[in-house]
There are 2 protein chains.
Amino acid sequence: MISSTPRRITVWLIEDNASYRHSVLRAFDRMEGLRCTSSFPSFEDALPRLHDPTLPDVILLDVGLPGLDGISAIARIRALHPGAKILILTVFDAPQKIFAAICAGAAGYLLKTASIAEVAEAIRQAVDGGAPMTPRVAKLVLERFSSMAAHALRSPDYSLTDREREVLEFMVQGLIKKEIAARLHVSVHTVATHIRRVYEKLQVTTNTAAVSKALREGLVSSRP
Amino acid sequence: MISSTPRRITVWLIEDNASYRHSVLRAFDRMEGLRCTSSFPSFEDALPRLHDPTLPDVILLDVGLPGLDGISAIARIRALHPGAKILILTVFDAPQKIFAAICAGAAGYLLKTASIAEVAEAIRQAVDGGAPMTPRVAKLVLERFSSMAAHALRSPDYSLTDREREVLEFMVQGLIKKEIAARLHVSVHTVATHIRRVYEKLQVTTNTAAVSKALREGLVSSRP
DNA sequence: GTTTCGGTCGCACGATCGTGGGATGTCCCT
DNA sequence: AGGGACATCCCACGATCGTGCGACCGAAAC
């Protein structure tokens with residue numbers, strides 16, 4: 001699957017390791033459709049050039065470099081040049097680093113175990129709107145993703161009745177018994193009874209604790 | 001990057017399109033290190049075979065097929081054969097489908113725009129513990145991921161003081177004034193004053209509403 | 001047919017809360 | 001020297017809450 005872009009893709013390389021930087025540069029020079037227009041040993045060196053009139057399509061960034069940490073660098077680049085695809089290329093595979101980079105707006109995350117050819121392919125994918133990732137990184141993202149989603153969806157069973165759940169929802173909305181009674185067209189005593197059962201089932205003794213438990217454990221919808 | 005597995009990777013193919021199924025089968029036959037041991041036109045056909053003593057390393061599954069929907073199929077397969085890597089191979093790129101599949105436990109998600117060679121490579125990556133994805137899919141996952149994280153982190157500013165936030169945290173834990181006073185080594189009156197200010201700033205009039213607002217808007221950590 | 005469960009209603013009492021006032025002291029800012 | 005923000009403490013009053021106990025009814029379950 002070769003993408004046919006009209007002109008060469010321009011790339012900046014920000015990488016502190018000189019020998020790695022040069023080998024990437026040389027390899028790119030021999031490639032069709034790819035052109036590394038500038039390279040820098042650190043983000044600080046690249047920073048002033050971010051005001052240039054001609055900016056690259058893709059910025060290849062090592063987030064292990066000295067000085068400003070890579071995550072802040074991503075944010076700064078995006079602020080100054082939102083059009084650039086930022087590809088992280090690093091030796092670090094700590095989930096924390098990876099997630100931080102993604103949340104900061106990186107388009108992809110590659111490990112240096114990848115070959116130069118794979119890096120080049122990843123650059124093309126990024127320009128095509130893809131999000132290239134080393135499989136190992138993809139695995140971590142997927143795991144975190146599904147655990148986040150699972151956490152957002154899990155809902156322990158306290159076997160609340162429909163009416164009890166209904167009352168609980170109103171409590172979560174901050175209504176007091178009197179108001180809940182009005183909404184449900186029943187007496188305050190009835191509401192009190194329902195709340196009593198809810199407390200028993202949730203093993204709490206105060207409205208505060210009940211609301212807290214309900215929200216934290218997703219017993220009611222979190223949407224106001 | 002060729003993975004050197006001692007024996008051939010065994011694969012099942014579940015795919016309703018007969019001609020696509022056959023072309024994949026033929027292609028795999030010509031490949032080293034890959035063996036498609038069974039193929040089925042639907043999940044229902046594969047189901048009884050999930051009790052076989054010899055089960056595949058990877059199951060290639062089309063989630064657009066008739067009968068049982070693909071998402072439930074993933075869950076069923078994982079229940080019966082947790083060791084298998086499930087790779088989704090489909091024409092559907094609706095984010096909803098993708099996220100559901102991932103949350104159900106798919107190891108990767110490929111679009112049928114991928115070449116057979118790419119599918120084969122993805123199978124190897126999956127066995128190596130990776131999570132192969134078409135770049136387009138990766139992009140969607142990354143976007144959703146960072147928006148989820150951003151949502152989980154956003155926190156409106158009610159300019160609560162440190163002490164007020166501290167008291168609010170205890171309220172969210174379900175403590176009553178008396179208990180909070182004890183924890184902070186101050187009098188109940190002091191706690192009452194702090195709570196009063198919190199109510200003013202959050203624009204609420206009951207403890208319930210305050211706790212609800214605090215939890216929903218991430219004013220305090222949601223970890224119990 | 002009797003039991004069980006869910007929902008409804010009632011009363012009473014003490015505990016807790018929300019809010020109106022106030023007061024004192026510390027720290028920081030200018 | 002003065003003002004503002006913050007934290008601390010106090011009192012009093014009515015509203016609200018938590019919980020003890022008891023009751024009725026309809027539907028479903030045994």
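The points below cover the DNA surface and then the helix pair.

This is a predicted model, in which local features need pLDDT of at least 70, side-chain atom pairs count only at pLDDT 80 or more, and totals for chains, interfaces and linings use all residues. Residues are numbered from 1 along each chain as its sequence is written, chains are lettered from A in the order in which they are written, and side-chain values use heavy atoms, with hydrogens and water left out.

**Surface near DNA strand D**

- Of the atoms of DNA strand D that come within 4 Å of the protein, 64% belong to sugar and phosphate.
- By class, the surface has three nonpolar residues, nine polar and five charged (Ala, Val, Leu, Ile, Met, Phe, Trp, Tyr, Cys and Pro are nonpolar, Asp, Glu, Lys and Arg charged, the others, Gly among them, polar).
- A backbone N or O atom of Ser187(B) is 2.6 Å from a phosphate oxygen of DNA strand D.

**Helix pair in chain A**

- The contact (heavy atoms within 4.5 Å) between H7(A) and H8(A) involves Arg163(A), Glu166(A), Val167(A), Phe170(A) and Met171(A) of H7(A), and Ile180(A), Arg183(A) and Leu184(A) of H8(A).
- Five of the contact residues are nonpolar, none polar and three charged.

Methods: Near = heavy atom within 4 Å. Polar contact = N/O pair within 3.5 Å; in protein donor to acceptor, adjacent residues only side chain to side chain. Helix = DSSP H or I, 4+ residues; strand = E, 2+ residues; numbered from the N terminus.
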